[in-house]
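Student: I'm new to this model and would like a close look at one part of it. Could you start from a single residue and then show me what lies around it and elsewhere?

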Amino acid sequence: MSKFIIEESPCLKGKTRVSGSKNAALPILAASLMARKKCVIRDVPALTDIFVMQNIIESLGGKTEWDKKTETMSVIAPDAGRLDADYELISKIRASFLILGPLLARFKKVRTVLPGGCAIGSRPVDLHLKGLAALGAEIELEHGYVTATAKRLSGVEIYLDFPSVGATENILMAAALADGQSVIRNCALEPEITDLANFLVSIGADISGAGTDTITVNGVESLRGGEYTIIPDRIEAGTFMAAACARPGGDIVLENAVTEHLRPVIAKLREMGAEISDNNGMMRVQSPDAGLRSTDIKTLPYPGFPTDMQAQLLALLSMARGRGTVVETVFENRFMHAAEMKRMGADIKVESRTAAVNGVDRLTGCHLKATDLRAGAALIVAALGASGQTEISDIYHMERGYDRIDEKLRQLGARIIRVE
Ligand code: EPZ
């Protein structure tokens with residue numbers, strides 16, 4: 001099993017480039033299953049989750065090509081639907097559930113694995129199924145599988161009880177090939193939703209309102225192929241911004257970072273004393289020489305503070321002056337990283353969905369275990385601010401969502417190595 005070893009590092013300096021977004025690439029690759037012609041997707045990050053989605057498309061009869069040098073993936077969708085998705089493959093990533101909408105819309109019948117919970121929460125998919133049923137699908141749940149069939153899908157008005165990212169994506173994709181108009185209300189506003197909608201429009205869909213709480217879709221007969229470039233990964237960018245603030249005097253530039261997508265993260269880091277400026281897509285992050293001061297954070301759906309940045313900011317709060325609180329409103333079990341940080345000497349009290357943090361002068365390096373993707377990233381941030389050596393195991397979690405994170409951090413002066 002691989003692990004990261006992080007020695008006591010100087011404050012980060014220099015420039016690195018943000019990769020394409022994992023959470024935009026996954027639904028866009030799933031959506032390419034609806035296209036009648038080849039789709040060429042650019043700036044696709046080289047992540048284990050992406051390659052699992054690639055294998056899923058191949059297992060469904062699709063053809064794919066991956067060009068490592070240009071980070072381009074091309075997909076030719078199957079002409080006929082294959083009913084049975086491979087359990088081992090599909091259950092590797094939750095995002096595989098995003099094939100449901102596209103395959104139902106294109107082939108009118110799909111059977112796939114009903115995802116279970118994960119480390120951060122029970123993560124039901126009731127809103128996905130409710131939305132697809134409203135469009136006219138018959139939904140059957142049996143033996144851990146969901147089977148969705150439909151003679152035809154018809155446009156309808158759908159109100160989401162919660163602005164779920166995944167449910168918005170599955171319903172949006174299915175509605176793109178339904179008869180007539182669909183209106184999705186209280187939908188998710190994340191930039192990844194807008195990117196998915198823009199991709200669908202680029203291959204012939206008729207969608208408006210993405211990025212607002214109401215999306216209107218006029219179904220079309222079919223979708224062609226095309227070329228599309230994925231948006232940058234705002235969570236990877238946010239993680240590097242936090243890493244730059246792990247020690248006083250950090251000063252980094254992030255290439256290919258979209259300030260607009262990072263407003264809540266920028267606001268919180270500024271409250272903690274960081275200086276953040278943007279110069280034509282080059283984001284500069286400077287951490288205060290006097291060290292960080294604490295603040296309070298509450299995660300919310302976009303444009304609120306992203307839950308996927310909660311752990312990284314908790315790491316910074318544990319090294320900041322003063323007392324702060326973190327309230328996690330999106331997932332019910334997303335403080336696993338707090339226990340690991342306490343082993344480094346952090347003063348964190350977790351009660352239900354709230355963590356109260358008293359900043360300490362210095363965390364101390366030790367053996368740590370990554371419990372999920374973002375928790376792992378947060379442990380790297382904590383280690384970059386700690387004294388002594390830190391060892392992080394189970395880093396496979398991070399390879400799901402960070403492309404060469406150790407290499408990029410070394411570019412910025414971090415003393416991190418990966419040990420097989
Ligand atoms: C997406 O997950 C992201 N994953 C997650 O990123 C991210 O944390 C999450 O959105 C929130 O921003 C991808 O895009 C692949 P949701 P998703 O549906 O779609 C409840 C990462 O680290 N809910 O918006 O699964 C659910 O339980 C990952 O990259 C229902 O109750 O998130 C949760 O509490 C982790 N019923 C809340 O809504 C449903 O049918 C938000 O879930 C669907 C969701």
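Student: Is Thr 239 buried or exposed?

Tutor: Thr 239 is buried, because its relative accessible area is 4%, where buried means under 20%, exposed means over 50% and partly exposed is in between, with a 1.4 Å probe and only the protein chains counted. Before we go on, please keep in mind that this is a predicted model, in which local features need pLDDT of at least 70 and side-chain atom pairs count only at pLDDT 80 or more, while totals for chains, interfaces and linings use all residues. Residues are numbered from 1 along each chain as its sequence is written, and side-chain values use heavy atoms, with hydrogens and water left out.

Thr 239 sits in helix 8, which covers residues 234-244; helices (H or I, at least four residues) and strands (E, at least two) are DSSP runs numbered from the N terminus. Apart from its neighbours within four places in sequence, Thr 239 is in contact (heavy atoms within 4.5 Å) with Met 309, Gln 312, Ala 377, Val 381 and Tyr 402.

Now let's turn to helix 12, residues 373-385. Helix 12 is mostly covered, with 13 of its 13 residues buried. At its start, a side-chain oxygen of Asp 372 comes within 3.2 Å of the backbone nitrogen of Arg 374. This is a polar contact, a pair of N or O atoms within 3.5 Å; within protein, one must be able to donate a hydrogen and the other to accept it, and residues adjacent in sequence count only if both atoms are side-chain atoms.

Helix 12 also leads us to the ligand. Along with helix 1 (22-31), helix 5 (126-134) and helix 6 (165-175), helix 12 supplies at least two residues of the shell around the ligand, and helix 5 gives the most, with three. The ligand is surrounded by 19 residues, the closest being Asp 126, Leu 127, Ser 164, Asp 308 and Val 330; a residue is near when one of its heavy atoms lies within 4 Å. For Gly 166, a polar backbone atom is 2.8 Å from a ligand oxygen. Taken alone the ligand exposes 820 Å², and the protein buries 85% of that, with areas from the Shrake-Rupley method.

Gly 166 takes us on to Leu 98. Leu 98 is in the loop between helix 3 (87-90) and helix 4 and counts as buried because its relative accessibility is 6%. Its contacts beyond four places in sequence are Pro 27, Ala 30, Gly 166, Glu 169, Asn 170 and Met 173. The C-alpha atoms of Leu 98 and Asn 170 are 5.8 Å apart, although 72 residues separate them along the chain.

Just past helix 4, Lys 108 takes a positive phi of about 65°.

Technical notes
Areas by Shrake-Rupley, 256 points an atom, 1.4 Å probe, with all protein chains shown as cover.
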